[in-house]
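Visitor: Please show me the model, and then take my questions about it one by one.

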Amino acid sequence: EPGGAALARLAAAGFTLERGDGGAPALRRAVLDGDALSALRDVLGPAAAGGLSIEQPTMNEVFRTIIERSAA
């Protein structure tokens with residue numbers, strides 16, 4: 001899991017840190033562009049080898065999030 005300086009770098013690049021399935025740390029960002037990938041590469045360095053996956057949410061997850069946020 002990233003430390004304070006790494007989290008600050010990722011937050012500056014628009015990422016948020018959440019808990020994914022099984023409690024594993026999950027970085028979230030609405031759009032994964034070149035700046036975001038550069039920030040990930042800088043922060044994770046060699047630690048990313050074999051341990052980095054990029055997942056797109058299902059439409060059900062997107063709709064559930066929209067509904068939950070509009071209800072709040």
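The questions below go from the overall fold to single residues.

Visitor: What kind of model is this, and what is its mean pLDDT?

Guide: This is a predicted model, in which local features need pLDDT of at least 70 and side-chain atom pairs count only at pLDDT 80 or more, while totals for chains, interfaces and linings use all residues. Residues are numbered from 1 along each chain as its sequence is written, and side-chain values use heavy atoms, with hydrogens and water left out. The predictor's confidence in each residue, pLDDT, runs from 0 to 100. In the protein, 88% of the residues reach 70 or more, and the mean pLDDT is 81.

Visitor: In which order do the elements of the protein run?

Guide: Helices (H or I, at least four residues) and strands (E, at least two) are DSSP runs, numbered from the N terminus. The protein has 3 helices and 2 strands. From the N terminus on, the order is α-β-β-α-α.

Visitor: Which element has the highest confidence?

Guide: Where pLDDT is low, the predicted coordinates should not be read in detail. Confidence is lowest in strand β2 (residues 25-28), with a mean of 81. The highest value, 89, belongs to helix α3 (residues 59-71).

Visitor: What share of the residues of the protein counts as buried?

Guide: Buried means under 20% relative accessible area, exposed over 50%, and partly exposed in between (1.4 Å probe, protein chains only). Accessible areas come from the Shrake-Rupley method with a 1.4 Å probe, and for residues only the protein chains shown count as cover. The accessible surface of the protein comes to about 5,500 Å², with 55% of it belonging to carbon and sulfur atoms. Of the 72 residues, the buried share is 12%.

Visitor: Which residues is A39 in contact with, leaving aside its neighbours within four places in sequence?

Guide: Contact means heavy atoms within 4.5 Å. Leaving aside neighbours within four places in sequence, the contacts of A39 are R9, L10 and A13.

Visitor: How many residues apart in sequence are the parts tied together by R9 and D42?

Guide: A salt bridge is a side-chain nitrogen of Lys or Arg within 4 Å of a carboxyl oxygen of Asp or Glu. The side chains of R9 and D42 meet in one, at 3.0 Å from N to O. R9 lies in helix α1 (residues 4-12) and D42 in helix α2 (residues 34-44), so the pair ties together parts whose separation in sequence is 33 residues.

Visitor: Which strands does the pair of R28 and E18 link?

Guide: R28 forms a salt bridge with E18, and their closest N and O atoms are 2.8 Å apart. The two residues are 10 residues apart, with R28 in strand β2 and E18 in strand β1 (residues 16-19). R28 is partly exposed at 40%, and E18 is partly exposed at 35%. The strands linked are β2 and β1.

Visitor: How many salt bridges does the structure hold?

Guide: Besides the pairs already described, D33 forms a salt bridge with R29, the closest N and O atoms being 3.2 Å apart. D33 is partly exposed, with a relative accessible area of 30%, and R29 is partly exposed at 27%. The number of salt bridges in the structure is 3.

Visitor: Is I54 buried or exposed?

Guide: I54 lies in the loop between α2 and α3. Not counting residues up to four places away in sequence, I54 touches L32 and L37. The relative accessibility of I54 is 58%, so this residue counts as exposed.

Visitor: What is the accessible area of the nonpolar patch formed by M59, F63, I66 and I67 together?

Guide: Patches are made of residues with over 30% relative accessible area and no salt bridge, with like charges joined within 9 Å and nonpolar side chains (Val, Leu, Ile, Met, Phe, Trp, Tyr) within 5 Å. F63 lies in helix α3 and is partly exposed at 45%. Together, M59, F63, I66 and I67 have an accessible area of about 430 Å².
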